[in-house]
Amino acid sequence: MIKAKNNSKLVFKNARIIDPCSGFDNLGDLIIEDRVIKDFGVNLLKNHIPDDAQIIDCERHILCPGFIDLGANIGEPGEEFKENINTASDAALASGITSIVCMPNTDPVIDQIPIIQYIEKRAKETNGVKIYPSAAITKNLEGTQLTEMGLLLEAGAILFSEANKVISNTKVMKQALTYAKNFDATIMISPQDPDLSKNGVMNGGALANRLGLPGIPKVAEIIQIERDLRLLESTGGKLHFINITTNDAIIAILNAKNKGLNVTCSTAPHYFSLDETAVDEWKTFAKVFPPLREYEDKEAIYKALVEDKIDIISSHHTPQDQDSKRLPFEQAEFGIIGFETLFPISLDLHTNGKMKLINLIDKLTYEPAKLLNLNTGKIKINAPADLTLIDINTPYQLILENMNSKSKNSLFDEYNVKGRILCTVVDGRIVYSEPSFEYN
Amino acid sequence: MHALDKWLRNNSISRKTFSTKLNISIATLSRYLSGNRIPKQEIMQRIIYLTDGKINPSNFYIIKNNNSSSSFKNYKNDHLLGIENLKEDEISSLLNRADEIIKENRLEPKVNQKYNGKTLVNLFFEDSTRTKTSFELAAKRLGIDVINMQIETSSIRKGESLLDTAMTLNAMQPDILVIRHSLSGTPHLLANKVNCGVINAGDGQHEHPTQALLDALAIRRRKKQIKGLKIAICGDIAHSRVARSNIKLLITMGAKVNLIAPSTLMAEGLSYYGANTFSNFKEGLNDVDIVMILRLQRERMQGSYIPSAKEYFKFYGLDREKLSFAKSDALVMHPGPINRGVEIDSELADDINRTLILEQVELGVAIRMSVIEHLIHNLEFKK
């Protein structure tokens, strides 16, 4: 572990600094002072090395803004046996994530100010990853009555979401979009038509039929997206679709963007690295919502990311304990943990998909920062020093047992990957360093 | 190799020496070892005495089955979880033995002592009369002790108890666990956790392998062979585990399969197995040898799948007029229980010349005996 000499001064030297915001991608050095980025650039230390600073030799590894993760489940309040803010924070920091947006489908639901305050208090106690609570769009996620959006925003809500649900009442959805516009607030939807996806547990189609499982047809996604885009067109406002899984969705969202609508979308690594065959014979770890789709859609999502048609990659981190997964497939809970596989799995887009590294990092840093109006996710003088240092060359193996998340429901156990996080910095403070990472 | 042969070799005793000790001819001993004869009681006691109890009656009974049918060789699994992935010779093995059992049943007393001391647990998480009774009867005819567990639907709603229940039962060391559950894949989940043989007696909308096997047996007994037959399966294909198992089995055995259902009750992707799909009853029945009618669940008769039972019967219920589109000697099958006047005309259902419905029930016992024997044999072999 790295022990800081002087908490307020840190120097990262000899790093490949990548900042998608400015397009900076160069070998150089970076100085942190008083929680912010003091300076960075090529040959910065040539003439002057601050002697009272902690100096870290980055050995030409990648230094980029810390990742910002939309829509993670962190177990609090209500499901502390699956994850708590401490374990979520440890897992996130070990993954290079410095900010997370947590979902409102907690118990109780994040639809009132005290619950926002509770999460902020817990985050402060944990003093690790930055946690931005999202609040429910409707009270108790029931889809009928709007929450106090203005007051919740004042209390610290970063955006509004119904978690895995949608607002099936078209009028309520219209009101939500219209009302949120008063505060320039973002509405985030995981789009699956509720009637078509009711009781469904995996992708609808031939495989579901063979396994005798009720399916969620592909069309459930595009139907919801098209309705919500129609509404957005009439109301204006900011809409984000999280967990896009189908090619049709990409096309529809692209068309809406071309029309000038303020819409963005994101997907998660399992949707571009796995398909429905991961369900194999009722493997409940492959039960996620929305479901893993067919090979063609997986490929389409992958391609859309490379071609910059999807804005953001998020982990969709959903911890589930053994008792929630060791059940018949239909009874098992949805979800897969995602923090610690977020970057290593996404890096394939660069190594095999020929995506520029800076563009990949953009989807994990500056793009979500823009969506959330955060003054982080970029390397800029006087911006908060939220950074991560990554080795993208050395192969290693993902080991489920070694993951920091309290629940170990991942499908990526024993995957051979690259993209190990060496060090993570939040507000100028080293909050994680890889045990084997040696520095001068 | 016979266990006794192995014992003789391990103890360096020749067959000749051993037969002298038993006071029998070497030819008789050979017949014991090949399974063509079972030692009389007094000789059996000598064998037990001479081998220090290492060889006991069960060694002879098991081997007898093996040789008389020569079929056990082909079914090597410890479980019967589904028809999927079974090969033609594995299915034939199960059917052949059932055929033999039917012969034996007619000649011998109903209960024999072959598998005394073995235990079968019927673990039913879903209501069932015929399947459960059929398994119970099959086990009892083999001399197996049967425990029936009817799990109250209310207590399984939590789900957590499922694996716990199975582990508790496993600790009692049964030989066979027969499970029916409303959720697909449950028998597979349990099979990974328990040490005994697991038989799937119906899981959700996935499979019901013993039903498909008994259907195949019924067809084979009437039509001599399955290969080359044209078989129509009609009704609620989408939600039917019987249909899934039957499609897989019949196609594996070389039949042509037509699936007939209103499109709301047709399942996507079953053509994967090579079945043809029809929404027109008459077209689908053209030239078929066997018409299998599926039961229509009551809750699907109204609502969005089909508008009413009346409409369903008009277009998809089997009556003599529609049956006339099939071959003139076509036979009708139904897994039961029947909804008279919904999926099949009542009078037609009772026509023993055209339907195999009661025969199916009778054959169910034989096929289940065959499956149980196979699994016990395979489990013994592993020990």
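Predicted model: local features only at pLDDT ≥ 70, side-chain atom pairs only at ≥ 80, totals over all residues.

Q: How many residues lie between the strands in the hairpin of strand 2 and strand 3 of chain A?
A: The general idea comes from pairing: strands of a sheet pair through backbone hydrogen bonds, either parallel or antiparallel. Here five bridges join strand 2 of chain A to strand 3 (residues 36-41) of chain A, and the two run antiparallel. E33(A) has V36(A) in strand 3 of chain A as its bridge partner. Two residues lie between the strands of this hairpin, and D34(A) takes a positive phi near 50° there.

Q: In which sense do strand 1 and strand 2 of chain A pair?
A: Strand 1 (residues 9-19) and strand 2 (residues 24-33) of chain A pair in the antiparallel sense, over nine bridges. The hairpin of strand 1 and strand 2 of chain A has four residues between the strands, and G23(A) takes a positive phi near 85° in it.

Q: What is the phi of N43(A), and where is this residue?
A: As background, most residues other than glycine have a negative phi, and most peptide bonds are trans. N43(A) is not a glycine, yet its phi is positive, about 55°. N43(A) is placed in the loop between strand 3 and strand 4 (54-57) of chain A.

Q: Is the peptide bond from E76(A) to P77(A) cis or trans?
A: The bond from E76(A) to P77(A) is cis, with omega near -10°. P77(A) belongs to the loop between strand 6 (67-72) and helix 1 (85-93) of chain A. The peptide bond from F289(A) to P290(A) is also cis, with omega near -5°. For P290(A), the place is the loop between helix 9 (269-273) and helix 10 (295-306) of chain A.

Q: Now chain B. What is the order of the strands in the open sheet of four strands?
A: The order is 2-1-3-4 in chain B, with parallel pairing. Strand 2 (145-150) and strand 4 (197-203) of chain B are the edge strands, each pairing on one side only. Neighbouring strands of this sheet are turned by 15° against each other on average, direction ignored. As one of the pairs, strand 1 (residues 119-124) of chain B runs parallel to strand 2 of chain B, with six bridges joining them. L120(B) has V146(B) of strand 2 of chain B opposite.

Q: Which strands stand at the edges of the open sheet of five strands in chain B?
A: This sheet has the order 7-6-5-8-9 in chain B, with parallel pairing. Strand 7 (276-278) and strand 9 (331-333) of chain B stand at the edges; each has a single partner strand, so one side of each is left without a neighbour in the sheet. On average, neighbouring strands of this sheet are turned by 20° against each other, direction ignored.

Q: Which helix packs on that sheet?
A: Look at the pairing of strand 5 (residues 230-234) with strand 8 (residues 290-293) of chain B, which is parallel and has four bridges. Within this pair, I231(B) has I290(B) in strand 8 of chain B as bridge partner. Helix 12 (residues 241-252) of chain B packs on the sheet and touches strand 5, strand 6 (256-260) and strand 8 of chain B. The direction of helix 12 makes about 170° with that of strand 5 of chain B.

Q: How many residues of chain A are in contact with chain B?
A: In chain A 14 residues are in contact with 24 residues of chain B. The area buried between the chains is about 1600 Å², and carbon and sulfur atoms give 55% of it. In chain A, N209(A), R210(A) and W282(A) lose the most area to chain B, together 40% of what that side buries.

How values were computed:
Residues numbered from 1 in each chain as written. Chains lettered and ligands numbered in written order. Heavy atoms only, no water. Pairing = 2+ DSSP bridges. Axes fitted to C-alpha atoms, helices over the stretch in contact; angles between N-to-C directions. Contact = heavy atoms within 4.5 Å. Buried area = accessible area lost by both parts, 1.4 Å probe.
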